[in-house]
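Work through the exercises below with the sequence and the coordinates open. Each task is followed by a solution in steps.

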Amino acid sequence: MQRGSTGTWQMVSAGGEAVRAFVPAALPPVPPLDMPAARQQKLEQALLALGRLDAIAALLPEPDIFLYAYVRREAVLSSQIEGTQSSLSDLLIFELDEAPGVPFDDVVEVSNYVAALEHGMARLKEGFPLCNRLIRELHAKLLARGRGAGKAPGEFRATQNWIGGTRPGNAIFVPPPPQEVEPCMGELERFLHDADSPGALVKAALAHVQFETIHPFLDGNGRVGRLLIAFILDHEGVLRQPLLYLSLYFKQHRGEYYRLLDTVRQTGDWEAWLDFFLEGVAATAQDAVDTAHRLLALFAADRQRLLGLGRAAPNALRVFDVLRHRPVVNIKLLAERAGVSFATAARMVEALQKLGIVREVTGRARERVFVYGGYLDLLAQVGAGE
């Protein structure tokens, strides 16, 4: 279907030079999306995969364990797209208030992402609408500390920005001028609440591109735009827990992702983007389901091994239960959460080390930190073809 450009170009002055900035037309696309049988089938497959994910989350005996891990894995992946080097274990160690060798600025950015995600989840749960105010709140959390703290956290930009290149004149893309940001975001908010707009998945696909095109903040747009997908699906009731995160898929197909965003703007080919998005949703949801099954199998197998410890088994199982919830710990935290003495927790960790369930990561004689190795290894394998 031929649409042509999905917006208008305005000449603006930025960095002392005149450049063309793009102002997107309001959603939904005109003419409407072309949905032949093959594309409709992709949509149905993606919805079925989301249904399976929602079902497994509902069946998990302790869904918070899965959510805790998945949220943090997403924070790491989404931040890595923006250039941070932190790993999941770096983040969990940072949350433990220990930071041996952890790159501070990077891990603060990842920790901010967790705070933004959890803030958004809590706001939606209490009935707050998915709106520009909430988007600004997410941004304020995201840039609360670290490198982005001086880039107007929680405020739409008042100056021109650009994407790629060393200056506006050689940028890959120049978003709308600052005076157009508020009107564009107002139109996007109306689309999110339009009862006649397409179903939740299509809405999330379109809204993500629109947000990235508007680029309403000085920093953090990519991370907020990826969060927006999860929150739309949560807000629309597609998932009872926000467990679908596309950062890994976008990272693995980064070139195609950016090419399709540009194609939408230049030629209006929303359909090619939608195909890519739906394939990503189906694959990512299936990955999450597989991870949940493998996590349950890991817990069951390791629990069975601990039952072989005889009289030590009850205390070992208490310590193990803490590790299922917090896979990076120190002895003090284990003792407090398991309700055992420090000495008992230390003995149980030694037993778990001998079984290969936990490993020490600091190499220090004191203030040691232990990780539930199988758990973190499993999360690291998701989407990697393992």
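**Exercise 1.** State which residues of helix 7 meet which residues of helix 8, and class them.

Solution. The model is a predicted one.
Step 1: on the helix 7 side, the residues in contact are Ala200, Leu201, Lys203, Ala204, Ala207, His208, Phe211 and Glu212. From helix 8 they meet Asn221, Gly222, Val224, Gly225, Arg226, Leu228, Ile229, Ile232 and Leu233.
Step 2: sorted by class, the residues of this contact of helix 7 with helix 8 comprise ten nonpolar, four polar and three charged.
Step 3: two packed helices are described by the angle between their axes and the distance between the axes. For helix 7 (residues 200-214) and helix 8 (residues 221-235), the axes come within 9 Å and the crossing angle is roughly 165 degrees.
Step 4: angles over 145 degrees count as roughly antiparallel, and helix 7 and helix 8 are therefore roughly antiparallel to each other. Their crossing is right-handed.

**Exercise 2.** Describe how helix 10 packs with helix 11, from geometry to residue classes.

Solution. Step 1: helix 10 (residues 254-267) packs with helix 11 (residues 270-306) at an angle of about 150 degrees, and their axes are 8 Å apart.
Step 1: this angle makes helix 10 roughly antiparallel to helix 11.
Step 2: the crossing of helix 10 and helix 11 is left-handed.
Step 3: helix 10 contributes Glu256, Tyr257, Leu260, Leu261 and Val264 to the contact, and helix 11 contributes Trp270, Ala272, Trp273 and Phe276.
Step 4: the contact of helix 10 with helix 11 has eight nonpolar residues, no polar ones and one charged.

**Exercise 3.** Find how many bridges join strand 1 to strand 2, and characterise the turn.

Solution. Step 1: strand 1 (residues 7-14) and strand 2 (residues 17-24) run antiparallel and are joined by eight bridges.

**Exercise 4.** Give the strand order of the open three-stranded sheet, and identify the strands at its edges.

Solution. Step 1: the order is 3-5-4, and the pairing is antiparallel.
Step 1: strand 3 (328-329) and strand 4 (358-360) each have a single partner strand and stand at the edges, so one side of each lacks a neighbour in the sheet.
Step 2: strand 3 is joined to strand 5 (residues 370-372) by two bridges. Val329 stands opposite Phe370 in strand 5.
Step 3: helix 14 (residues 342-354) lies across strand 4 and strand 5, at about 105 degrees to strand 4.

**Exercise 5.** Locate the cis peptide bonds from Leu27 to Pro28 and from Val30 to Pro31, and the positive phi of Ala152.

Solution. Step 1: the bond joining Leu27 and Pro28 is cis, with omega about 0 degrees; Pro28 is in the loop between strand 2 and helix 1 (37-59).
Step 1: the bond from Val30 to Pro31 is also cis, with omega near -5 degrees, and Pro31 is found in the loop between strand 2 and helix 1.
Step 2: Ala152 is not a glycine, yet has a positive phi of about 55 degrees. Ala152 lies in the loop between helix 5 (132-142) and helix 6 (178-192).

**Exercise 6.** State which residues the annotation "domain: Fido" covers, and give the helix content of the span.

Solution. Step 1: in the unreviewed UniProt entry, the annotation covers residues 130-279.
Step 1: this span is 57% helix and 0% strand, and its end C-alpha atoms lie 25 Å apart.

Definitions and conventions:
Residues are numbered from 1 along each chain as its sequence is written. This is a predicted model: local features need pLDDT of at least 70, side-chain atom pairs count only at pLDDT 80 or more; totals for chains, interfaces and linings use all residues. Side-chain values use heavy atoms; hydrogens and water are left out. Axes are lines fitted to C-alpha atoms, for helices over the stretch in contact, and angles run from 0 to 180 degrees between N-to-C directions. Helices (H or I, at least four residues) and strands (E, at least two) are DSSP runs, numbered from the N terminus. Angles under 35 degrees count as roughly parallel, over 145 as roughly antiparallel, 65 to 115 as roughly perpendicular and the rest as oblique. A crossing is left-handed if the near helix is turned anticlockwise from the far one by less than a right angle, and right-handed if clockwise. Contact means heavy atoms within 4.5 Å. Ala, Val, Leu, Ile, Met, Phe, Trp, Tyr, Cys and Pro count as nonpolar, Asp, Glu, Lys and Arg as charged, and the others, Gly among them, as polar. Two strands pair if DSSP finds at least two bridges between them. UniProt positions are given in the numbering used here, feature names are shortened, and annotations may be inferred rather than shown by experiment.
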